[in-house]
Amino acid sequence: MGGLHPGPRRRDGLRRARGGASRTLDRRRLAADGDHLVARLAALPGVRVVGQPASAFVLVHWPGADAVRRALRERGWAVRRGDTFPGLGPDWLRIAVRDRATIDAFITVLAQILEA
């Protein structure tokens with residue numbers, strides 16, 4: 001017989017275990033990045049973060065959000081309109097959680113728009 005090699009079932013189990021660890025790391029990173037986005041948004045005047053995100057989006061509310069969304073789009077940033085979701089209106093936005101560098105760049109542009 002040859003050397004020690006995991007059989008097909010063992011290899012599949014190892015792949016699933018590695019995949020599970022990777023998903024756990026991804027969830028932790030997403031949660032940390034989400035916390036970072038929430039903290040940065042909450043520091044902006046007039047922006048109200050609603051709830052604690054449990055997914056890859058943060059829901060925010062502030063008067064004039066639709067105009068802010070258009071200004072962001074003109075500068076190359078995309079956020080989701082809130083009025084496409086039942087019960088929300090034009091003063092709501094959904095902002096995707098990204099990595100910290102992207103979040104910081106986004107917040108810089110958003111702060112400039114809000115100050116104008």
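Predicted model: local features only at pLDDT ≥ 70, side-chain atom pairs only at ≥ 80, totals over all residues.
**Entry 1: Gly89**

I started at Gly89, which sits in the loop between strand E3 (80-81) and E4. I looked up what Gly89 touches, leaving out residues up to four places away in sequence, and got Gly82 and Asp83. I also checked Gly89 against Ala65: the two are 24 residues apart in sequence, and their C-alpha atoms are 9.5 Å apart in space.

**Entry 2: H2 and H3**

Next I went to helix H2 (residues 65-74) and how it meets H3. I found that their axes come within 10 Å and cross at roughly 125°. Angles from 65 to 115 degrees count as roughly perpendicular and those over 145 as roughly antiparallel, so I put H2 and H3 down as oblique to each other. I have the crossing of H2 past H3 as right-handed. On the H2 side, I listed Val68, Ala71 and Leu72 as making the contact. From H3, I wrote down Phe106, Val109, Leu110, Ile113 and Leu114. Sorted by class, this contact has eight nonpolar residues, no polar ones and no charged ones.

**Entry 3: the largest pocket**

Last, I looked for open space. The largest pocket holds about 160 Å³. I read off a lining of 13 residues, with Ala78, Val79, Ile95, Ala96 and Arg98 lying nearest the centre. Which elements supply at least two residues each of that lining? I got strand E4 (92-96) and helix H3 (100-115).

Key
Residues numbered from 1 in each chain as written. Heavy atoms only, no water. 1 Å grid on protein atoms, 1.4 Å probe; cavity = no way out; pocket = protein on both sides within 12 Å on 5 of 7 lines; lining within 4 Å. Points joined across faces, edges and corners; volume = space filled by probe spheres on them. Helix = DSSP H or I, 4+ residues; strand = E, 2+ residues; numbered from the N terminus. Axes fitted to C-alpha atoms, helices over the stretch in contact; angles between N-to-C directions. Parallel < 35°, antiparallel > 145°, perpendicular 65-115°, else oblique. Left-handed = near helix turned anticlockwise from the far one by under 90°. Contact = heavy atoms within 4.5 Å. Nonpolar A, V, L, I, M, F, W, Y, C, P; charged D, E, K, R; others polar.
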